[in-house]
Amino acid sequence: MGRKAGALYINPKKFGAMAKPCMPEMVAFLNCLALNKQNDDKCIKQKDLLVACSQAQNGRPKNAAKTINYHLQRLGRGKFL
């Protein structure tokens with residue numbers, strides 16, 4: 001089900017398939033931990049890849065103009081005035 005804001009309907013399934021950064025690296029690291037009984041000394045390569053990916057994501061600014069909440073607020077301003 002979606003949320004309703006006035007006459008707007010948001011389909012959460014549409015936004016659930018968006019790309020998630022660093023997901024393959026995180027899955028690889030967690031699989032390595034599971035295979036090695038939580039011993040991260042044997043998963044150094046996967047850990048380094050995950051850290052590098054997450055640090056690369058920290059430097060990227062989010063564009064607020066492209067989020068769903070920005071558009072809902074923008075469209076909602078005109079209705080209540």
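## Disulfides

A disulfide here is a pair of cysteine sulfur atoms within 2.5 Å. By this rule, the predicted model holds two disulfides. C22 and C53 form one of them, with their sulfur atoms 2.0 Å apart. This pair links distant parts of the chain. C22 sits in the loop between α1 (12-16) and α2, while C53 belongs to helix α3, and 31 residues separate them. The torsion about the S-S bond of C22 and C53 is about -95 degrees, so this disulfide is left-handed. Both C22 and C53 are buried.

C32 and C43 form a disulfide too, with sulfur atoms 2.0 Å apart. Here the link runs from helix α2, which holds C32, to the loop between α2 and α3, which holds C43. The two are eleven residues apart, and again the pair joins distant parts of the chain. The link is left-handed, with -95 degrees about the S-S bond of C32 and C43. C32 has a relative accessible area of 10%, under the 20% cut-off, so C32 counts as buried. C43 is buried as well, at 0%. Counting bonded cysteines along the chain, the disulfide pattern is 1-4, 2-3.

## Fold and confidence

The chain has four helices and two strands. From the N terminus, their order is β-β-α-α-α-α. Take the contacts between residues at least 6 apart in sequence: 48% of them join residues at least 24 apart.

How confident is the predictor in the chain? The average pLDDT is 76, and 63% of the residues score at least 70. Confidence is lowest in strand β1 (residues 4-5), at a mean of 52. Confidence is highest in α2, at 92. Where pLDDT is low, the predicted coordinates should not be read in detail.

## Surface

The chain has 81 residues, and 11% of them count as buried. Its accessible surface comes to about 7100 Å². Carbon and sulfur atoms account for 60% of that surface.

M23, M26, V27 and L30 make a nonpolar surface patch of about 310 Å². V27 lies in helix α2 (residues 23-35). V27 has 38% relative accessibility, so V27 counts as partly exposed.

K37 counts as exposed, at 74% relative accessibility.

Q38 lies in the loop between α2 and α3 too. Its phi is near 60 degrees, a positive value in a residue other than glycine. The relative accessibility of Q38 is 61%, over the 50% cut-off, so Q38 counts as exposed.

## Salt bridge

How many salt bridges does a search of the whole structure find? It finds one. The partners are D40 and K47, whose side chains meet at 3.5 Å, N to O. Are these side chains buried or partly exposed? D40 is partly exposed, with a relative accessible area of 31%. K47 is partly exposed too, at 36%.

Technical notes: Residues are numbered from 1 along each chain as its sequence is written. This is a predicted model: local features need pLDDT of at least 70, side-chain atom pairs count only at pLDDT 80 or more; totals for chains, interfaces and linings use all residues. Side-chain values use heavy atoms; hydrogens and water are left out. A salt bridge is a side-chain nitrogen of Lys or Arg within 4 Å of a carboxyl oxygen of Asp or Glu. Buried means under 20% relative accessible area, exposed over 50%, partly exposed in between (1.4 Å probe, protein chains only). Contact means heavy atoms within 4.5 Å. Accessible areas come from the Shrake-Rupley method with a 1.4 Å probe; for residues, only the protein chains shown count as cover. Patches are made of residues with over 30% relative accessible area and no salt bridge: like charges are joined within 9 Å, nonpolar side chains (Val, Leu, Ile, Met, Phe, Trp, Tyr) within 5 Å. pLDDT is the predictor's confidence in each residue, from 0 to 100.
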